[in-house]
Amino acid sequence: MTDVLTPSPAEPAAAPLESEALDAYSEIVVSVAEHIVPSVASLRVTAARGREGAGSAVVLAADGYLLTSAHVVAGADRGTAVFADWHEAPFELVGRDPLSDLAVLRVAASGLSQVELGNADVLRVGQLVVAVGNPHGFAGSVTAGVVSALGRSLPSGGRVVENVIQTDAALNPGNSGGALVDSHARLVGVNTALAGIGLGLAVPVNATTLEIVATLLREGRVRRAYLGVVGGGRPLSPRRAEELGQKSGVGIIEVPSGSPAERAGLRPTDTIVGVDGAAVEDSGDLQRLMTADAIGRTLSLRVLRDDRIVTIDVTPVELA
């Protein structure tokens with residue numbers, strides 16, 4: 001019994017290797033923090049009726065443009081940004097897009113520490129990420145974790161933000177609008193929601209979201225087409241999948257009354273498999289096609305109905 005309770009001798013090589021691994025991890029996080037903390041501001045927001053809120057923002061351009069979450073500045077067009085050196089500056093709202101949960105702000109400042117942009121499309125599950133923000137008012141807070149999952153969906157403004165990044169880097173109220181960066185301190189996401197203990201979500205920074213940001217800078221808002229279908233990915237039968245060259249379509253669950261989809265005759269049991277010759281396999285594919293160019297233009301939908309492929313023309317309107 002004594003032998004059973006006696007711990008085995010430690011292997012001499014294990015401790016140094018573990019120590020080296022921890023040191024390497026720490027060095028990466030420390031280096032990233034030193035680079036990114038000066039590029040993240042905390043926000044104080046005063047909305048209608050004197051309601052106050054807080055959040056975070058990332059320096060998008062050295063001449064005073066900041067990127068944050070749309071819900072952080074909901075109902076407000078101005079507030080105060082506080083930077084890592086405790087410099088304060090009033091901000092004004094340049095543009096806000098609730099459906100991507102992104103907003104652009106402007107402060108009267110120059111020489112700010114501009115973040116380096118990354119590409120969330122190349123992230124891999126298990127990859128190290130670092131979150132910086134203003135949780136519970138504690139400015140410049142740094143947490144580290146990994147990419148837990150990719151391609152998540154986040155309900156926002158009555159629609160869905162697709163391809164959201166899931167991470168286990170600790171997020172708390174006030175982190176929204178803050179930076180999610182990779183091991184090279186490149187911005188790969190804008191922290192947007194705390195979904196549960198150990199579960200945070202971030203809007204990816206990629207070509208799609210950067211186009212939204214550019215539109216906000218130019219026009220202050222993003223115009224989108226409204227089709228009027230509620231649904232999601234629906235698997236196709238093996239025969240149809242082989243015939244169409246795709247594994248799923250957009251299965252319609254609901255068609256709102258008075259919508260373009262209802263006027264065109266779409267039904268809740270239909271499955272949309274193509275729009276103007278482009279295949280659609282999930283709601284993200286369909287939403288990406290609902291751009292300003294589609295407003296008022298007749299689109300040709302390929303629809304699977306009662307095991308038949310039919311063509312239905314529909315003319316989207318502008319989403320209010």
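Modeller: A residue is called buried when its relative accessible area is under 20%. Please keep in mind that this is a predicted model.

Colleague: Thanks, that helps! Why does Leu60 count as buried?

Modeller: Its relative accessibility is 15%, and the cut-off is under 20%, so Leu60 counts as buried. Leu60 lies in strand E2. Leaving out residues up to four places away in sequence, Leu60 touches Tyr65, Leu66, Leu67, Gln114, Leu117 and Val213.

Colleague: How far apart are the C-alpha atoms of Leu60 and Val213?

Modeller: They are separated by 9.9 Å, with the two residues 153 places apart along the chain.

Colleague: Let's move to Ser69. Where is Ser69 found, and why does Ser69 count as buried?

Modeller: Ser69 is in the loop between E3 and E4. With 0% relative accessibility against a limit of 20%, Ser69 counts as buried. Setting aside residues up to four places away in sequence, Ser69 touches Asp101, Ala103, Ser176, Gly177, Val190, Asn191 and Thr192.

Colleague: What makes the approach of Ser69 to Asn191 a polar contact?

Modeller: A polar atom of the Ser69 side chain lies 3.1 Å from the backbone oxygen of Asn191. The cut-off is 3.5 Å, so the pair falls within the limit.

Colleague: How do you know that strands E1 and E4 pair?

Modeller: Pairing needs at least two bridges, and E1 (residues 40–46) and E4 (residues 78–82) have four, in the antiparallel sense; so they count as paired. In this pair, Val45 stands opposite Gly79 in E4.

Colleague: In what order do the six strands close into a barrel?

Modeller: The order is E1-E2-E3-E6-E5-E4, with antiparallel pairing. From one strand to the next, the twist averages 40°. Helix H3 packs on the sheet, touching E2, E3, E5 and E6, and its direction makes about 45° with that of E6.

Colleague: Finally, which residues touch the most other members of the largest nonpolar core?

Modeller: This core has 24 residues, and Ile36, Leu67, Leu102, Ala179, Val181 and Leu187 touch the most other members. The elements giving two or more residues to this core include helix H2, strand E2, strand E12 and helix H3. A second, separate core of 20 residues includes Val45, Ala47, Leu66 and Val73.

Colleague: And what is Leu67 in contact with, leaving aside its neighbours within four places in sequence?

Modeller: Happy to list them: Ala57, Val58, Leu60, Leu102, Ala103, Val104, Gly177, Leu187, Val190 and Val213.

Note on methods: Residues numbered from 1 in each chain as written. Predicted model: local features only at pLDDT ≥ 70, side-chain atom pairs only at ≥ 80, totals over all residues. Heavy atoms only, no water. Core = buried A, V, L, I, M, F, W, Y, C linked by side-chain atoms within 4.5 Å. Buried < 20%, exposed > 50% of the residue type's maximum accessible area, 1.4 Å probe, protein only. Contact = heavy atoms within 4.5 Å. Axes fitted to C-alpha atoms, helices over the stretch in contact; angles between N-to-C directions. Polar contact = N/O pair within 3.5 Å; in protein donor to acceptor, adjacent residues only side chain to side chain.
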